[in-house]
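Dear colleague,

Please find the structure below, together with its sequence. My notes on it follow directly after.

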Amino acid sequence: MITNNALPALIFLPFLGSMLAALLPANARNAEAWLSGVTALLTFGLAALLYPSVENGGIVRREVAWLPELGLNLVLRMDGFAWLFTILIGGIGLLVVIYARYYMSPQDPVRRFYSFLLAFMGAMQGVVLSGNLILLAIFWELTSIVSFLLIGYWYHNAAARDGARMALTITGIGGLCLLLGFILIGHIAGSYDLDEVLASGAAIRAHPLYLPALLLILAGALTKSAQFPFHFWLPNAMAAPTPVSAYLHSATMVKAGVFLLARLWPVLAGTDAWFFIVGIAGISTLVIGAYFAIFQQDLKGLLAYSTISHLGLITTLLSFGSPLAAVAAIFHMVNHATFKASLFMAAGIIDHEAGTRDMRKLSGLFSALPITATLAMVASAAMAGVPLLNGFLSKEMFFAEAIEEHRESLLDSAMPYLATLASAFAVTYSVRFIHSVFFGPKAADLPNEAHEPPHWMRLPIELLVLACLLVGIIPGITIGPYLNTAVTSVLGDRTPEYSLSIWHGFNLPLVMSAIALVGGVILYLLLHRYLAHCKEDPPGLRVLVGQRIFERVLVTVSWRWARWVEVNLGTRRLQPQLRVLVTVALMAGAWPLFEAGLMPDLISVANLDPVLAIIWIVGIGCAITAAYQAKYHRFAALILIGGAGLSTCITFVWFSAPDLALTQLVVEVVTTVLILLGLRWLPKRIEEIDTPTTLAARLRRQRDFLLALACGLGVTVVSYAIMTSAPPTTVGDFYLERAYSEGGGTNAVNVILVDFRGFDTFGEITVLGIVALSVFALLRRFRPAPDSIELPEQQRIQNAYDDAQQGRKLGETAHDYLLVPSVLMQWMFPVIIALAAYLFLRGHDLPGGGFTAGVAMAIGFLLQYLAGGTRWVEERLRILPVRWIGFGLFMAAFTGMGAWLFGLPFLTSASGYLEIPLIGEVPLASALLFDLGVFLLVVGATVLMLIAIAHQSIRSHRVRATEAAATRTEEAA
Amino acid sequence: MELLLSLSMGALAGSGVWLLLRPRTYQVIMGLALLSYAVNIFIFSTGRLRVNAPPIVEKGMEVDPAAFTDPVPQALVLTAIVISFATTALFLVVLLASRGLTGTDHVDGREPEK
């Protein structure tokens, strides 16, 4: 029962605790601490209970099917190695919780802190207990995210925010690489299940994808374990509260990387690539980390670099590929966790008591903190590798392995020297830590008067230091069996003979240790005057600070490149967008043309009609001249476009499309008037001022010209190819055959629009109505830019004449001048209405219909506006275009719904003819009613748009008049 | 005839695309108008060019589809003409509004940096 559910519980409990912690009151320090402590204790106890199951190579597995088809199952798996980590996570977690209870100030929102801490504990347990690689990657990312939240806990502090962001960026990118690597491994091994992956090590190493997979997984592991050159995020993560540093950045999270390297060691290790990549990363981290640690002024910075260095030591050991080295690596993981966690806590106490962590200020604290000082001394001695302490044992094993020949190379030969050097550095920074803080003259200017902390705050350190001592003195009894269990689970039958005793006789590793100890102390003696005042980071190597490189990369990626993308592809600039659109359209059109070889083979000028040819010569000339003139001569361009439109219109008539020609003609008129109304508000543009002169502008124009040329050519080729090929049988025959028999009309186009495809037309008139209302709404509260066109010269002369003559009002001459045309236009009104009615009524059988009639009717209204002016018309004629639109839409909809009364689908039509005296036979289909709706809506929409724009001129006159009046009053005053 | 018409479409489309890529709003509107002529004729021409064969059938007679031009492209183009009128109107008003709000008639609502 316990073994069955223990694994899910180990992960689930911390997450449950995290959720509960988030629900407690914000300042419930004791309740939070109790909750978290009990959770950690339960995890620890549960893990301890599981020991018998993993002893002697046993594995506890729990599998829940999730996506078995994809090989993704929730597999939890605990062996001796995972057990060791579970104990570390639970045990150190418990100690950190106790410590944090006294470390966090009552003002801090502890709820958030404990909640995140427990969530982290759960995620970390997930990493070590995952039996499926994908699941592992998920928990791996979860640790990155929670660690981001924990580092940024004091988010009001900029350093905390930056440090958190940096840690997340680096470990997050690493996590992504890791996932890719896992997918490759899963691909090679055929399964994501850890047991199967571990069993197929030889196949994976021999596979061509081994190297990419290895590189990706290493990218994940080395970033997580802060290995050179990705180490720099760890010192910046020291902005986190110290309990977080003690937990995440010494004992657990940074260990995830080396945990993974050890976990996959049987699969990946033992190749040249592994040795050189992991070895170079490890040894350079070991040496560089130790060297940087010497020159830190922040206590936590020193510990952070020391952690980096020790992780480098573990990585180096794993790189050797020998089983004995792997034993040493696992052993050092445990040892480092104990002494480094206690040192972080000691640093936290010093910070807490003295109010600073700067070693330049701290001095002579031994008398104030005698017990803490003693504990810290023992722990740093373990860090330095002094005999009788745990750090010494694993370091000796490291030296022994460094001497051994693994792979003949320069790296291998240099290993013993580099190891000794780094070890000497470790002695130097350990001595410095102790000497500069606790000895020397008593510091006078500390922010706080230092006292020993409450006993419970010191207790975790005492327990950890005790562990250091016990392991260091009697390793065989204390750690021996457990280490053996862990090692066996990783190495299996390759587990070597090893001895954990303190005395191995007088051998080379002992000599190296002695050299390192003496050398380190001498180095400290030489440096300590300089160190007491120097800046952070070692001289000469400050440029190596990865932070700066990282920030530069970040600025480049997230600012410069992003800006470039935004400028070049963003929506702020229309032209590049359209250019891309046109190019893509061109490609899309050209591609099938090349594929199918649709090049017309024979170009024929047969049956070319000279009249149409002349019409189109004019039309083409109009189009090209309009394109050329549209910038500086807008009016001319508009007229020319009208010319091209007329050519189009004639083409429609010519080739049997009278309906299109009619519609095109009336729409052409309305469009031209509409644009004419708008022209006056465009800015004046003078040709001489901004002709493109720069080379870039000229190149741009040439590129656009080529693009336009290519598009034109493409359209020509495609349309020619289509027109000269034999027509396929289309659905058009169906409509032609049934236009009269089923639609009750002879004009097939009109019958399609109002009957067969009536629903499409219904949608279309709705769009038209919406556009008209949008135009109306846009212009209702809008004041356009001031007029940019002066009064025409003619009108100025007329106005001057009016001014000069007695008894003439301003504008009277202009009005008289237009009298004849306006009278004509007024007389035309009933004629146009009759024309519209005629077009409408004949629509079903002959060219015409609702659209054409509607626009024609709108032109009738428009002419009245032109003839009499806006005010004159609106005094006499009440046009309510919005109602026309609404009424038209309702009419069309109700006609369609009428079919429901007869149990037929929407828009089913019925037809017949009605004899009207004098007029004759009139087609009367229900489609006619629908067409009436179209007619009403088109009239309403067109008139609404025209009036809305026309009204702007009245409004701007009014505004100008008010402004002028205001100026006059001011002048008078 | 086909050659003439396809050359005309090419000229309309080319001029339209050229104007579409110009920086002033008015040019873009003009370009859209030209382009829509080209596209309308293009769609229309997919029904093939027939002279004197408008799709207007005789009442109550047996209909021979081969005697008439295809009405479907015509119905499509008729719809297209009306819709392109609506979009032209909308663009024109957006142009005016943009000119009023930003003081420029550049398509991006601001003059390019020199």
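Predicted model: local features only at pLDDT ≥ 70, side-chain atom pairs only at ≥ 80, totals over all residues.

A salt bridge is taken here as a side-chain nitrogen of Lys or Arg within 4 Å of a carboxyl oxygen of Asp or Glu. By this rule, 2 salt bridges cross the interface of chain B and chain A. In one of them, the side chains of Arg22(B) and Asp704(A) meet at 2.3 Å, N to O.

Residues are numbered from 1 along each chain as its sequence is written, chains are lettered from A and ligands numbered from 1 in the order in which they are written, and side-chain values use heavy atoms, with hydrogens and water left out.

The interface

Between chain B and chain A, 16 residue pairs are in polar contact, both residues being at pLDDT 80 or more; a polar contact is a pair of N or O atoms within 3.5 Å, where within protein one must be able to donate a hydrogen and the other to accept it, and residues adjacent in sequence count only if both atoms are side-chain atoms. On the side of chain B that touches chain A, the elements giving two or more residues are helix 1 (2-20), helix 2 (25-45) and helix 3 (71-102) of chain B. Helix 3 of chain B gives the most to that side, with 24 residues. Helices (H or I, at least four residues) and strands (E, at least two) are DSSP runs, numbered from the N terminus.

In total, 83 residues of chain B are in contact with 110 residues of chain A, contact meaning heavy atoms within 4.5 Å. The area buried between the two chains is about 8,600 Å², of which carbon and sulfur atoms give 77%; buried area is the accessible area (1.4 Å probe) that two parts lose on being put together, summed over both.

The two chains

Chain A has 39 helices and 4 strands, whereas chain B has 3 helices and 0 strands. Of the 973 residues in chain A, 53% are buried; in chain B, buried residues make up 64% of 114. Buried means under 20% relative accessible area, exposed over 50%, and partly exposed in between (1.4 Å probe, protein chains only).

Helix 17 (residues 323-354) of chain A has 32 residues and reaches 46 Å from its first C-alpha to its last, close to the 46 Å expected, the expected span being 1.5 Å times one less than the number of residues. Because 30 of its 32 residues are buried, helix 17 of chain A is largely enclosed by the rest of the structure. Gly355(A), with a positive phi near 85°, follows helix 17.

Helix 17 is also among the elements that cover the buried residues of helix 21 of chain A. Those buried residues include Met457(A), Leu464(A) and Cys468(A). Helix 21 (residues 455-473) reaches 26 Å over its 19 residues, close to the 27 Å expected.

Leu768(A)

Leu768(A) lies in helix 33 (residues 758-780) of chain A and is buried, with a relative accessible area of 2%. Not counting residues up to four places away in sequence, Leu768(A) touches Leu937(A), Val938(A) and Ala941(A), together with Val82(B) and Ala86(B). The C-alpha atoms of Leu768(A) and Thr942(A), 174 residues apart along the chain, are separated by 8.9 Å.

With kind regards
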